[in-house]
Amino acid sequence: QVHLGESGGGLVQRGGSMRLSCAASGRKNSNYVMGWFRQAPGKEREFVASVSWDVGATVYADSVKGRFTISRDVAQETTYLQMNALKPDDTAAYYCNFSTVVSGVRTDYWGHGIRVTVSS
């Protein structure tokens, strides 16, 4: 079982910056991916960014490329999402995700979600 502890979030003005953190604890192997998804009111949850824990390979949604940066601290078992140039469209609940594949079976763990509000 993996537990995810999220922090950060809140209210920020358009063009501002904010950093989200997610610490993973519990039993895990070395082959996993951590990332962030978000869900705006009335919309489906969507992928934002991810980072592979072994080599740090990153993937971003087109909507956040060039503005958001995902990183990891291996020693702290924490992933960060640095969000710059925030827009009102970035307003959503952001969920940390931990994804691992063992013997061909994928398992996802989710954080409780952090609300990010970008005012115009």
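T79 is found in strand β8 (residues 78-83), strands being DSSP runs of E with at least two residues, numbered from the N terminus. The model is predicted, so local features need pLDDT of at least 70 and side-chain atom pairs count only at pLDDT 80 or more, while totals for chains, interfaces and linings use all residues. Residues are numbered from 1 along each chain as its sequence is written, and side-chain values use heavy atoms, with hydrogens and water left out.

**Around T79**
- T79 counts as buried because its relative accessibility is 0%, where buried means under 20% relative accessible area with a 1.4 Å probe and protein chains only.
- A polar atom of the T79 side chain lies 2.9 Å from the backbone oxygen of S71.
- Leaving aside neighbours within four places in sequence, the contacts of T79 include L20, M34, W36 and C96; contact means heavy atoms within 4.5 Å.

**The nonpolar core**
- The largest nonpolar core has 30 residues, and L4, L20, M34, W36, L81, M83 and Y94 have the most contacts inside it. Such a core is a set of buried Ala, Val, Leu, Ile, Met, Phe, Trp, Tyr and Cys residues joined through side-chain atoms within 4.5 Å.
- Strands that each supply at least two residues of this core include β1 (2-7), β3 (18-26), β8 and β9 (92-102).
- With neighbours within four places in sequence left aside, L81 is in contact with M18, W36, F68 and Y94, among others.

Notes
Helix = DSSP H or I, 4+ residues; strand = E, 2+ residues; numbered from the N terminus. Buried < 20%, exposed > 50% of the residue type's maximum accessible area, 1.4 Å probe, protein only. Polar contact = N/O pair within 3.5 Å; in protein donor to acceptor, adjacent residues only side chain to side chain.
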